[in-house]
Amino acid sequence: MTNIAFVMPDLELVKVVHEAWTLHEQIFGKSRDLRYTVDCGIQPEAIVSRHYNADVIVSRGGTAEILNDLLQIPIISIDITALDVLRALTEAAACGGRVALISYESICAMGRAICEVLHMDAEVVPLTSVYEIEQLEGLLRDAPYDVVIGGMRTTEIAARYAKH
């Protein structure tokens, strides 16, 4: 039996996983050799305890990076695309106010390019490690941002200070 754990940052991706698994079963039939679980928005330490028996974990962003450090099982990371960044910047701009994109350099580079081409105004704050996220508390508490774009943990911290 192969146990696959999907750890998704948002409910939209959870829905995609369920739809894909249902399609797989419709095409190939139910398999007694494959089993999957889906969690949404849980912390890496909880993932480790809940999915210790997984043969592989599929995740995204900073969570996938942390899990790679914590676990000895394969972690499949779903890439964040320029379309994802464009969608987030467009939604943030529609909210009005000052926008900050706080993420890893690869995502920040996409954000800078999109902002330049589309003449969007957003402050870009690159992170070099998932462990820097906890240090954002002070920045986000005192920053003049109205909308913060980032990963699950970044947006959780921003929400404490009423940032969209």
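In helix α4, the residues L83, E91 and A94 are exposed. Before that, a caution: what you are looking at is a predicted model.

Now the other side of α4. Here V85, L89 and A92 are buried. Why do they sit on the same side of α4? Around the axis they cover an arc of only 65 degrees, so they end up on the same side of the helix.

What covers the buried residues of α4? The cover includes strand β5, residues 99-104, along with α5, residues 105-118, and β7, residues 147-149.

As for length, α4 runs over residues 82-95, which is 14 residues. At 1.5 Å a residue the helix should span 20 Å, and its end C-alpha atoms are 20 Å apart, so the two agree. After α4 comes G96, with a positive phi near 80 degrees.

Next, the aromatic residues. The model has 3 aromatic pairs. One of them is F6 with W21, an edge-to-face pair with 6.3 Å centre to centre and 75 degrees between the planes. F6 belongs to strand β1, residues 2-8, and W21 to helix α1, residues 11-28, so this pair ties together parts that are 15 residues apart in sequence.

Are these two buried or exposed? F6 counts as buried because its relative accessibility is 13%, under the 20% cut-off. W21 is buried as well, with a relative accessible area of 12%. Together with Y36, F6 and W21 form one aromatic cluster.

Technical notes:
Residues numbered from 1 in each chain as written. Predicted model: local features only at pLDDT ≥ 70, side-chain atom pairs only at ≥ 80, totals over all residues. Heavy atoms only, no water. Helix = DSSP H or I, 4+ residues; strand = E, 2+ residues; numbered from the N terminus. Expected span 1.5 Å × (residues − 1). Buried < 20%, exposed > 50% of the residue type's maximum accessible area, 1.4 Å probe, protein only. Arc of directions from axis to C-beta. Contact = heavy atoms within 4.5 Å. Phe/Tyr/Trp six-rings, centres within 6.5 Å; stacked < 30°, edge-to-face > 60°.
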